[in-house]
Amino acid sequence: MHHDLPVRQMAAELFSQGVGDKGVASALGLPEKTVERWLYTYRALGKEALFVTTHKKYSHELKVAAARDVVENGMTRPDVMAKYGIASLSPLEGRCRAYRDGGPDALLPKPKGRPRKPGKPEYASREEELEARVRELELELEIQKRINALADGIGRK
């Protein structure tokens with residue numbers, strides 16, 4: 001769910017007055033989990049970070065460094081968010097989980113889209129291509145012979 005700018009401004013104002021995430025959530029009628037994440041962002045990057053609603057792209061090296069700082073070096077998530085300018089807690093938590101499970105390679109980008117169907121095999125020469133075609137035709141002929149033999153056997157009965 002996307003919350004508009006005035007709601008975020010009111011939340012930032014309440015945070016600056018010392019109101020916690022549960023108090024802000026009840027005052028504004030928002031889910032506690034959403035406000036909890038906003039509070040992380042507020043503490044790590046300041047008030048202005050709550051007003052940025054666009055997604056930022058991070059390099060593989062930055063993702064690995066941030067996850068390593070949390071998982072191996074014991075830094076707190078807000079400190080890592082401030083150090084690397086990460087605006088949202090959710091992706092950081094996901095990257096830490098992936099880093100724990102599969103190391104730095106788990107943070108490499110995943111291929112997008114439907115996997116390609118295997119294409120026709122590449123042959124080094126025309127001769128190899130023709131030999132493959134002959135094997136294919138011989139196999140088809142063998143299958144047809146077996147089918148005919150089965151049909152003859154059924155026809156006799």
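Start by selecting Lys-83 and Asp-69: they form a salt bridge, with 3.1 Å between the closest N and O atoms. Keep in mind as you look around that this is a predicted model. Is Asp-69 buried or exposed? Its relative accessibility is 7%, so Asp-69 counts as buried, because buried means under 20%.

**Next stop: helix 7**

Select residues 126-156 to show helix 7, then pick out Arg-126 and Glu-129, which sit three residues apart in it, about one turn of the helix. They form a salt bridge whose closest N and O atoms are 3.5 Å apart. Arg-126 counts as exposed at 54% relative accessibility, while Glu-129, at 35%, counts as partly exposed.

Stay in helix 7 and select Arg-133 and Glu-136, again three residues apart, about one turn of the helix. In this salt bridge, the closest N and O atoms are 2.7 Å apart. Glu-136 is partly exposed, at 40% relative accessible area, and Arg-133 is partly exposed at 40% too.

**Last stop: two rings**

The whole structure holds one aromatic pair. Select Phe-15 and Tyr-42 to see it: the pair is tilted, with 5.3 Å centre to centre and 45° between the planes. Phe-15 belongs to helix 1 (residues 5-16) and Tyr-42 to helix 3 (residues 32-45), so this pair links distant parts of the chain, 27 residues apart. Phe-15 counts as buried, with 6% relative accessibility.

Conventions. Residues numbered from 1 in each chain as written. Predicted model: local features only at pLDDT ≥ 70, side-chain atom pairs only at ≥ 80, totals over all residues. Heavy atoms only, no water. Phe/Tyr/Trp six-rings, centres within 6.5 Å; stacked < 30°, edge-to-face > 60°. Helix = DSSP H or I, 4+ residues; strand = E, 2+ residues; numbered from the N terminus. Buried < 20%, exposed > 50% of the residue type's maximum accessible area, 1.4 Å probe, protein only. Salt bridge = Lys/Arg side-chain N within 4 Å of Asp/Glu carboxyl O.
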